[in-house]
Amino acid sequence: KTRVLTGITTTGTPHLGNYVGAIKPAIAASQDPTVQSYYFLADLHALIKCQDPKRVQESRLEIAATWLALGLDTDNAIFYRQSDIPEIPELTWMLSCVCAKGLMNRAHAYKAAVAENEAAGNQDPDKGITMGLFGYPVLMAADILMFNAHKVPVGRDQIQHIEMARDIAGRFNHLYKGAYFTQPEAVVDDKVATLNGLDGRKMSKSYNNTIPLFVSEKKLQKLVRKIKTNSLEPGEPKDPDTCTLFQIYAAFATSEQTADLRREYAAGIGWGEAKNRVFDYLNEHLREPRERYQGLMEDPGHIERVLQKGADRARAEAAPFMDRLRVAAGLGRFV
Ligand code: TYM
């Protein structure tokens, strides 16, 4: 079977960008009988950015409830918390020991943090940068390689990390002379590789420009009205291809519906009306999952049981594989 794997960092409330970039393609894959899927809450990754235990705990529950509310079938998919699989941090260490430091120097997140220090005129370019942030791609490589995933559905921002995982996998196989790891491949939907947010920049927790998936109907309407548009008047033709509002619609609607709205843009639909159209569509599609989400948020016991079952299934694969890797590296038992 093809193995498909992806995770979401548990530092915030899941938003439309997470949905179109990762959750939607992941749930679709999990319904394919030729696929074995692995989806997880990346809560060890959360510690890199967030030292507020309440926030991490809350976000884990929200993200788990989101996957379930959107219809993830946890009998098919193996759905777990990263921190429930102790083999993952162990593998992270082994991979760290074969991963060139120079590779990590090139990671976008690290480079961005250094650039920020330099822009702020800090003497030390590494000021405030932890080993967690620096080694983040190695932990992510361990997530992926632990289950030898073939395909990793992600948004465009994660492609570099998957390339690094390929690099690290190759290095380990070479050094320990065996085909231990499969080379993973990123799966990126071109249409929505990067969904933009309220201000037209990439929708991101760190920009504070997100539309959370399960806000109330009222709040959703308010947020859709806040999406930045230009100052063209009703009657003037508008360009759908540079329009965040249109992009969001296209990420959810069918291709015929999208083509319809495209024609209306050309015919000069007013922004108010276009926003109403997009809101109505989103609201209609999110209503049922939103209700399920609210029910799930009130039943953490249920979510815990689902995750425990997932952890058992994940560890049933991870533990024997880790044994093999220990032996490969000379850490097997004496007898
Ligand atoms: P994270 O939590 O930042 O984002 C989760 C997923 O959502 C996608 N995404 C978007 N896609 C399109 N448009 C956007 N505006 C947008 N914002 C976020 C991300 O690309 C991602 O697919 N390091 C990862 C989590 C992770 C992981 C893994 C992913 C840890 N281990 C192993 C895959 C495999 C992260 O921080 O994603």
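**Exercise 1. Helices α4 and α13**

Which residues in α4 meet which residues in α13? Determine also how the two helices are oriented in this predicted model.

*Solution.* 
Step 1. On the α4 side, the residues in contact are Glu87, Glu90, Leu91 and Met94. Their partners in α13 are Ala318, Ala319, Met322, Leu325 and Ala329.
Step 2. Sorted by class, this contact of α4 with α13 holds seven nonpolar residues, no polar residues and two charged residues.
Step 3. For the geometry, take α4 as residues 87–96 and α13 as residues 300–329. Their axes come within 10 Å and cross at roughly 25°.
Step 4. Angles under 35 degrees count as roughly parallel, so α4 is roughly parallel to α13. The crossing of these two helices is left-handed.

**Exercise 2. Helices α4 and α7**

Describe the packing of α4 against α7, and state the hand of the crossing.

*Solution.* 
Step 1. The angle between α4 and α7 is about 120°, and their axes are 8 Å apart.
Step 2. The hand of the crossing of α4 and α7 is right-handed.
Step 3. From α4, the contact draws on Glu87, Ile88, Leu91, Thr92, Leu95 and Ser96. From α7, Gly135, Val138, Leu139, Ala141, Ala142, Asp143, Leu145 and Met146 take part.
Step 4. The class count for the contact of α4 with α7 is nine nonpolar, three polar and two charged residues.

**Exercise 3. Helices α7 and α8**

Which residues of α7 and α8 make their contact, and at what angle do these helices pack?

*Solution.* 
Step 1. Helix α8 spans residues 159–175, and α7 packs with α8 at an angle of about 75°, the axes being 9 Å apart.
Step 2. The two helices are therefore roughly perpendicular to each other.
Step 3. Helix α7 contributes Pro137, Val138, Met140, Ala141, Ile144 and Leu145, while α8 contributes His161, Met164, Ala165, Ile168 and Ala169.
Step 4. Ten of the residues in the contact of α7 with α8 are nonpolar, one is polar and none is charged.

**Exercise 4. The shell around the ligand**

Which residues come nearest to the ligand, and which elements give two or more residues to the shell?

*Solution.* 
Step 1. There are 26 residues around the ligand, and those that come nearest are Thr9, Gly17, Gly21, Val154 and Gly155.
Step 2. Two or more residues come from each of β1 (2–9), α1 (16–30) and α7 (131–146).
Step 3. The shell divides into twelve nonpolar, eleven polar and three charged residues.

**Exercise 5. The two domains**

How is the chain divided into domains, and which element gives the most to the side of domain 1 that touches domain 2?

*Solution.* 
Step 1. Domain 1 comprises 2–195 + 300–329, and domain 2 comprises 214–294.
Step 2. The centres of the domains, taken over C-alpha atoms, are separated by 31 Å.
Step 3. Nine residues from domain 1 and seven residues from domain 2 form the contact.
Step 4. On the domain 1 side, α1 and α3 (53–69) are the elements that give two or more residues. Helix α3 gives the most, with three residues.
Step 5. That side of domain 1 has seven nonpolar residues, one polar residue and one charged residue.

Note on methods
Residues are numbered from 1 along each chain as its sequence is written. This is a predicted model: local features need pLDDT of at least 70, side-chain atom pairs count only at pLDDT 80 or more; totals for chains, interfaces and linings use all residues. A residue is near a molecule or strand if its C-beta atom, placed from the backbone, lies within 6 Å of it. Helices (H or I, at least four residues) and strands (E, at least two) are DSSP runs, numbered from the N terminus. Ala, Val, Leu, Ile, Met, Phe, Trp, Tyr, Cys and Pro count as nonpolar, Asp, Glu, Lys and Arg as charged, and the others, Gly among them, as polar. Axes are lines fitted to C-alpha atoms, for helices over the stretch in contact, and angles run from 0 to 180 degrees between N-to-C directions. A crossing is left-handed if the near helix is turned anticlockwise from the far one by less than a right angle, and right-handed if clockwise. Angles under 35 degrees count as roughly parallel, over 145 as roughly antiparallel, 65 to 115 as roughly perpendicular and the rest as oblique. Domain bounds come from an automatic or database domain assignment.
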